[in-house]
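Dear colleague,

I am handing over the structure below, and after it I set out what was found. Please read the notes with the model open beside them.

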Amino acid sequence: AVKVGDQLLLTPPDKPVRVRSLRVQDSPAESGHAGQRIALALSGIEKAEVERGQWIVAPGLHAPVRRFDAKIRILSGQPALKHWMQVHLHLGAEDVPARIALLGADEIAPGCENWAQIAVDREIGALAGDRFILRDAAARHTIGGGIVLDIYPPSRKKSSPERLAMLAALADANPATALQLAAEQQPAGVDLAPYALNRNLDAAALNALCQQLSLKVVGDTAFAPSRWQELEARLLAALAAEHERAPDLTGVERDRLRRLTLPTLSRPAFDALLATPLSDGRIAQTNAWLHLPEHRVQLAAGDRDLWLTLKPLLDAEPCNPPRVRDVAKATGIAEETVRTLFKRIARHGDAWPVAQDHYFTAAAVADLARRVAALNARDGCARAAPLRDEIGGGRKVAIHILEFFDRI
């Protein structure tokens, strides 16, 4: 539907326009809808900028493509269509030279159909479900036609069995078929935004699909229930394996555990995945370390005593504690002994290496984290100068602190 005052977009050139007035079936009107012949008077663009083959769309549907996956059928009586054959593609009012990359076949015989990836010479507007016609390279004969399936085709493994199965699902008129298969195929979940755009689904239709399929939705990502359970099992297994690999570590940092579970898993999805085992006690947290509840690391008595002796030096200036060499000089303890101890303490979680040979206590880091969060809330970012004023130290230390938080 379209109405007077709508803010729309000319695509592919990405030109914003406004509907000043419109005529429906040659009569003035305030709005029009699919099935009617409509003339639009647009502001914000010159007539010369509008070309045959372009579209007027809602801004969210602007997704010009140079290639897309499709299902093609060749007419009886026409020569077989060979891989990488050059053709003319007619889609909507567009006529553009294109090449056909066949998927899972070397040719399409007359009267037969197959999957293909179509590469066009310039950007065009297309969505799944659009019909198109193919003519030969000289544009003299119609050789076949087809339907757009996916405007976000993969660049690798285009003819894998999994991809061909996905194309068959995308060819189903019911959008639930492809969404369910995608959720089952992709361990890191389905990005719902491009899926909805490809199928031209509004938010209500997309939500209804996810509920129908009982998908686990985190932000804009959807997971099949079985995949979500597998991810939880991988999370616990990764944590157990890391305890076995490094039994002297208190646990694993959050982002490292995300990478060990599944590197492609988004941070919001991982946070949601972690929330349940954290709340029901299957995973515990000590300071910033995540670990299994039964995992315990105890410092040796000598290390604990020495740490209790040196810790007051760090507590005296929590936002700019002395470096390893300064601690060694102040106490007369060998520098390497201090360095080795602080490394063990850091692995235990009671201190953090903010910079090279510069350790802050866990309490100081927690306080600094709150200060940086407050700066972000106040200014929209955390910069060195305001942090320096907050902690009363030098600019170099403030930069080291911010770089530390960037790393972790």
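**Pockets, aromatic pairs and a helix face**

Sorted by class, the residues that line the second largest pocket comprise 8 nonpolar, 4 polar and 6 charged ones. Please keep in mind throughout that this is a predicted model. The second largest pocket holds about 590 Å³ of space, and of the 18 residues in its lining, D150, R163, M166, Q185 and Q186 lie nearest the centre. The elements that contribute two or more residues to this lining are α1 (161-170), α2 (175-185), β16 (190-191) and α3 (192-199), and among the contributors α1 gives the most, with 4 residues.

The largest pocket has about 890 Å³ of space, and its lining consists of 31 residues, with L40, W55, I56, V57 and A58 lying nearest the centre. Here the elements that give two or more residues are the strands β2 (7-11), β6 (38-43) and β7 (55-57), and β6 gives the most, with 4 residues. By class, the lining of the largest pocket divides into 20 nonpolar, 7 polar and 4 charged residues.

Turning to the aromatic residues, the structure contains 7 aromatic pairs. In one of them, F342 and Y359, the ring centres are 5.4 Å apart and the planes stand at 65°, which is over the 60 degrees required, so the pair counts as edge-to-face.

F404 is buried, with a relative accessible area of 2%, whereas F405, with 21%, is partly exposed. Both rings belong to one aromatic cluster, which is formed by W289, W352, F404 and F405.

What does L103 contact, leaving aside its neighbours within four places in sequence? The residues in contact with L103 are D69, N114, W115, A116, Q117, K158, S159, L164 and L167. By contrast, L103 and V354 are 52 Å apart in space, C-alpha to C-alpha, and 251 residues apart in sequence.

Finally, there is helix α12 (residues 384-391), in which A384, L387 and I391 are buried. Viewed down the axis of α12, the buried residues fall within an arc of 65°, so they line one face of the helix. Just after α12, G392 adopts a positive phi of about 75°.

With kind regards

Note on methods: Residues are numbered from 1 along each chain as its sequence is written. This is a predicted model: local features need pLDDT of at least 70, side-chain atom pairs count only at pLDDT 80 or more; totals for chains, interfaces and linings use all residues. Side-chain values use heavy atoms; hydrogens and water are left out. On a 1 Å grid over the protein atoms alone, a cavity is a set of points where a 1.4 Å probe fits but cannot get out, and a pocket is an open set with protein on both sides within 12 Å along at least five of seven lines; lining residues have an atom within 4 Å of a point. Grid points are joined across faces, edges and corners, and a volume is the space filled by probe spheres set on the points. Ala, Val, Leu, Ile, Met, Phe, Trp, Tyr, Cys and Pro count as nonpolar, Asp, Glu, Lys and Arg as charged, and the others, Gly among them, as polar. Rings of Phe, Tyr and Trp (its six-membered ring) pair if their centres lie within 6.5 Å; planes under 30 degrees apart count as stacked, over 60 as edge-to-face and the rest as tilted. Buried means under 20% relative accessible area, exposed over 50%, partly exposed in between (1.4 Å probe, protein chains only). Contact means heavy atoms within 4.5 Å. The arc is that of the directions from the helix axis to the C-beta atoms.
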